[in-house]
Amino acid sequence: MAVTTTKTDAATMSADAPALSIGSLDLSSPVVLAPMAGVTNVAFRTLCREQERERMGSVAGLYVCEMVTARALVERNPKTLHMTTFAPDEDPRSLQLYTTDPKYTYEAAKMIVDENLADHIDMNFGCPVPKVTRRGGGSALPYKRRLFGNIVAAAVKATEGTDIPVTVKFRVGIDDEHHTHLDAGRIAADEGAAAVALHARTAAQRYSGSADWSHIARLVEHMDGRVPVLGNGDIFKATDAQAMMEQTGCDGVVVGRGCLGRPWLFAELSAALRGLPIPQEPTFGEVAQIIMRHAELLAEHDGERKACRDLRKHMTWYLRGFPAGGDLRRALSTIDSLSDLRERLEPVWDSTAMAEDADGARGRQGSPAKVALPEGWLDDPEDDTVPEGADIMHSGG
């Protein structure tokens, strides 16, 4: 993974000057929260921002809403509209679109502009989930160069004359025989994207194995400063972000699975990349308070019953590395009310225990697998036909 970079060492960044500029957006920290289905809703984003403010004194990074489908947004699907909720003080508001059709892309982006729904549009071409790729969406789509370009161009056209930048996220390619990231980066910049982000795995890898950061370095070299390049893949602690930026020369980092159960990670990443003291990791008692706050925010967004069900999946991530016995873990996996949660967490409110070996991969991992694609998908990379049925995928993945 060692790659020589000509960029300024990340640790020498000024705490005052913008660390990353994406179109009209000037960020004090080059750290972006990756959209994750069922995770990065307004509650989790608020929690991450609160943790960064509490530990660093300000919010410096960019926090992206979970993915919504362009067609569903245009058709005002109630679930999709609910997912676009932002906190009153959330600035900038960042929304990710899943799309396969230039028509719906334009209409969705125009709706975002006309109704002031967001300040930044990110476009998802990185999802490797079979139900997405088998319809030609997500990480399958950049293989179709002309279609990919038409979609990016449609979003950019809809935002012309505004301060809303369009960015594009993609993977290295479909598999090792079909890399698309260099073409995707060039096409996105040609069509007016303000930045590109690369998850340094192929779709076939899904979330398995290790991200190959050399692909990020190659994209940085290929783009030659035309637009900022952000790197994504295997950032689980503050030093990982430093290493990625130093080894690849990328302009910023996108963090996904590393923040699961660790909403305070962004404060640590921001500090490390700005050359500031890294905040201390929270104790078990402090994490219990964070879990409670997460539950309260979820309840405000979705109601108490749904919030408690949703929070159950976060418990394994939150408790990783802490001395939580089997009884507590089982109890927290079956909560059904805020009062129930508070009662079960009460015994650890004052715990000063620190997590052990909490770094490392979390969330989806699995094994590599052949990518599910529409029949004949690989026959003609210049075919710009919109894949049938792909635009009706449910928001959130």
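1. Let's start with Arg257 and Asp234: both residues are buried in this predicted model. Their side chains meet in a salt bridge, with 3.5 Å from N to O. The pair links distant parts of the chain, 23 residues apart. Arg257 sits in the loop between β13 and α10, while Asp234 belongs to the loop between β12 (229–232) and α9.

2. Now for a helix that follows that loop. How many of the nine residues of helix α10 are buried? Nine of the nine are, so the helix (residues 265–273) is largely enclosed by the rest of the structure. The residues in question are Leu265, Phe266, Ala267, Glu268, Leu269, Ser270, Ala271, Ala272 and Leu273. If you are colouring the model as you read, note that Glu268 and Ser270 are on that buried list.

3. What covers the buried residues of α10? The cover includes three strands, β3 (31–33), β4 (62–63) and β13 (252–255), and two helices, α1 (42–56) and α9 (238–248). After α10 comes Gly275, whose phi is positive, near 70°.

4. The side chains of Arg293 and Glu50 meet at 2.6 Å, N to O. Because Arg293 lies in helix α11 (residues 284–302) and Glu50 in helix α1, the pair ties together parts that are 243 residues apart in sequence. Both partners fall between the cut-offs of 20% and 50%: Arg293 is partly exposed, with a relative accessible area of 28%, and Glu50 is partly exposed as well, at 25%.

5. Arg293 has a further partner, Glu296, and these side chains meet in a salt bridge of 4.0 Å, N to O. Here the two residues both lie in helix α11, three residues apart, which is about one turn of the helix. Glu296 is partly exposed, with a relative accessible area of 27%. Elsewhere, salt bridges that share partners join Arg145, Asp183, Arg186, Asp190 and Arg226 into one network.

6. A word on the overall tally of charge pairs: the count comes to 24 salt bridges. As background, side chains of opposite charge can pair when their charged atoms come close. The pairs discussed above include Arg257 with Asp234, Arg293 with Glu50, and Glu296 with Arg293.

7. Which residues gather in a patch of negative charge on the surface? They are Glu375, Asp379, Asp380 and Glu382. Glu375 is found in the segment after α15 (338–345). Its relative accessibility is 86%, and since exposed means over 50%, Glu375 counts as exposed.

8. Finally, a look at Ser24, in the loop between β1 (20–22) and β2 (25–27). Leaving aside residues up to four places away in sequence, Ser24 touches Asp163 and Pro165. For a distance to check on screen, the C-alpha atoms of Ser24 and Met111 are separated by 19 Å, and these two residues are 87 residues apart along the chain.

How values were computed
Residues are numbered from 1 along each chain as its sequence is written. This is a predicted model: local features need pLDDT of at least 70, side-chain atom pairs count only at pLDDT 80 or more; totals for chains, interfaces and linings use all residues. Side-chain values use heavy atoms; hydrogens and water are left out. Buried means under 20% relative accessible area, exposed over 50%, partly exposed in between (1.4 Å probe, protein chains only). Helices (H or I, at least four residues) and strands (E, at least two) are DSSP runs, numbered from the N terminus. Contact means heavy atoms within 4.5 Å. Patches are made of residues with over 30% relative accessible area and no salt bridge: like charges are joined within 9 Å, nonpolar side chains (Val, Leu, Ile, Met, Phe, Trp, Tyr) within 5 Å. Accessible areas come from the Shrake-Rupley method with a 1.4 Å probe; for residues, only the protein chains shown count as cover. Lys and Arg count as positive and Asp and Glu as negative; His and the chain ends are not counted. The place of a charge is taken as NZ of Lys, CZ of Arg, CG of Asp or CD of Glu.
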